[in-house]
Amino acid sequence: MAGRPKKYLSLIGLNLICLKVVVSAKTAPEIPTIDQAYSKISNSITVEWATVPGATSYLLTAEDGDTVIETMVANSPGTVTGLKAATLYQITIRSIGTTGRSQASPPKQAKTVLAAPILELHSPSPDSILVQWEAVYTAVGFSVSIMRANGLGTIWKENTTDTTLTFTSLDAGTLYTIKAYAWNANGTPGDDSTCNQRTSPRAPANVQVSFDSGALKASVSWAPTEGTFNYTVMASSDSSELSCSTTFSSCAISSLQCGTEYLISVSASNDAGSSRSTPAMTLRTVACAPGRVTIQEDPPGHLSVSWSSVDLSDYYVAFVKSDDGLEVHCNTSLTQCNFFSACGFTYFISVFAYNKAGQSPLGDVFNYTTAPCCPSDINPVLVSSDRVEIVWSPVRGAELYETKAVDGVNMVECNDTAPACTLSALECDTKYNITVYSFSEVRGSNTSCTSQFITTAPCSPEIKNISKDAFSTINVHWRSSNDDATYTVTAKGEKGLYQCSSTGESCTLWGLPCGSAFSVTAVAETQAGQSLPSFSVPLETVPCCPASLTVTQVTQSVVNVSWTVGTRAQTYMTVLESHTRWSKCHTHQNHCLLGCITCGVNYTVVLKAISATGLTADCAYPSYFSNACCPLGVKVYRLGANGIRIHWQATRGSANYSTDLYGSKGIFTCAPSAGLSFCDIIEIPCGDVYTVMVSPVAETGLKLTFCPKKIYSVTCSGSTLGMVIYRGKRNAEEKGEARH
């Protein structure tokens, strides 16, 4: 019994060992074995191995002793890149599964192949290509091959241990493909390098040259050559060198010089270089235009044209064209021609030289102008106080017009190329003698032209003052020195235009509205025209009186005066005046309170409307009769068993009165008979407090409410009135007083 637990423990341990082995087997896939490793490209090595069960990817490692490069691949074969050329690497591989990675495989050595040579190509002649490269590390030899880039023809291949090689007997202007690689001591080839190179073209053949004498241009053509990208034509002389380039089989050289001999040659070029130039061809251009051309008119009506001789000229032709389009010419082997001329014309003269190559280029074109004619039909189109604008029809041969205006003492002039002139800075209301002269730079001025008289417009008047008379009419006065002028005065404002006219030095403006601002100007008018307006003078009419004014009694001694707005009135002064006193206020509002008013007195009402500039309008309104005075000594007495009597003392002025009692049990009113100063209320409830007010009644029937109020209490004595007790005033003027 004692040994059984040990047996069970041994079994348990065995099971744990087995379990550990199973778990370890599932943790990582098997270690792969490299079948082979080789290099086909100088920066990579390709590895082949047998697939390992459970592996999802593989980790390739390349080591050269200095660097370690790892690459993850999915399956065999796999390639490690980023390596150095001609270098021995130790290659290992690990399998990677979902639960881990295996140990590294046994290493296998592989060496990267040689790097490709870096080629430099050049075509020194149309039938050869020179190939050059730098030495390649560990290379012992090189293989270089060449063939047409289009794949046609033969492939030439050369082996060499040198770093330069020339292929000859090639076709000109043809694109070739050159491939080269190096090999090591084992004969293993490295990376190859492939480049294209074209041979240079041959010189063009069948060159033809033609000359355009009018444009001084040479057109050159030739037979195209194989493989040419561009052609260059050179034209050389003793003093200059010109060229043109084209991709076609012809080209034009412009801007050739007249009277010059050129040597013309053509060369072809492509991306490999240029061909030699063709044999030079000689080209002679036309003669140059004659120089030192002189023109004379002697006598008038006859033109003589002469010039200097030029080399290579066979004869000359002189052309004379007038400004109306008519042209004449003469041919001569001499250096002079004669022509007829007419007055007022401009002639344009040119001379050409001719030889077998054609006509010379156009030289300078000269012009000659005969004496101009005088302007006619001079018309003044604008006459003002200080300016006269005149126009006329253009005349033949005139380049400039000179206009002069003379008043006997002073002279004003203007020069212009247009058939018009504006004479400015003239004196107003002045007669001028005006003459227009035609002028040309060559012939000068024609002084035989006639003149005419023109008078300027009148001078502007000067407004001296503007006055206003008792009837509110406006009188305008001015100063002026014009002869036989009519003057018009204009007042322009927001409410319209108002005018008056006179041949003197003043006129009257009527009907200008109140509260308005005007700008007043004056102009003068004669047969010559109208003057400029005078400087404007501001005019402001008095403010408008308010259309209505109302006086309202506020208290016995205070009234409120209100009115409508008066146009352009800024402030108002209101005055109420009686035979004994007056009251006034000055305000910018349209109402004000006036105190110290005597009751029952007639007042005159005056309002002054004042503008911002101080102009005042006196406005009169109907008189105002102040309200009657409030009665004095108002007392209340018991009257019989149920009634009371209200008694007062009448004040200044005759007035009707109204008596009111206000209590909680009702309002009681009585009016006295004319001339009496008491009234009775026959029946009034006792046991109440009453407010008593005796007020004058205005003529309009309006009861005034500003008189003082007194308070009385009425007691009861059984069923009848008891005591009438005075309780005071609402304005606390008096204290209690008892009455029976």
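Which residue in β5 is the bridge partner of S44? The model is predicted, and in it the partner of S44 is T81. This bridge belongs to the pairing of strand β2 (residues 44-49) with β5, which is antiparallel and extends over 4 bridges. The two strands are part of an open sheet of 3 strands, ordered β1-β2-β5 with antiparallel pairing. At its edges lie β1 (34-41) and β5 (78-81), each of which pairs on one side only. From one strand to the next, the twist averages 25°. In general, the strands of a sheet pair through backbone hydrogen bonds, in either a parallel or an antiparallel manner.

Attention now turns to the nonpolar cores. The largest of them comprises 22 residues, of which L549, V559, V561, L576 and L607 touch the most other members. At least two residues of this core come from each of β48 (549-553), β49 (559-563), β50 (571-577), β52 (591-594), β53 (602-610) and β54 (616-625). V561 illustrates the packing: beyond residues up to four places away in sequence, V561 touches L549, T550, V551, T574, L576, N590, H591, C592 and L594. Another core, of 21 residues, lies apart from the largest one and includes L661, C670, I684 and Y690.

Is P672 buried or exposed? P672 is buried, because its relative accessible area is 18%, under the 20% limit for that class. The C-alpha atoms of P672 and N656 are 8.0 Å apart, although 16 residues separate the two along the chain.

Key
Residues are numbered from 1 along each chain as its sequence is written. This is a predicted model: local features need pLDDT of at least 70, side-chain atom pairs count only at pLDDT 80 or more; totals for chains, interfaces and linings use all residues. Side-chain values use heavy atoms; hydrogens and water are left out. A nonpolar core is a set of buried Ala, Val, Leu, Ile, Met, Phe, Trp, Tyr and Cys residues joined through side-chain atoms within 4.5 Å. Buried means under 20% relative accessible area, exposed over 50%, partly exposed in between (1.4 Å probe, protein chains only). Contact means heavy atoms within 4.5 Å. Two strands pair if DSSP finds at least two bridges between them. Axes are lines fitted to C-alpha atoms, for helices over the stretch in contact, and angles run from 0 to 180 degrees between N-to-C directions.
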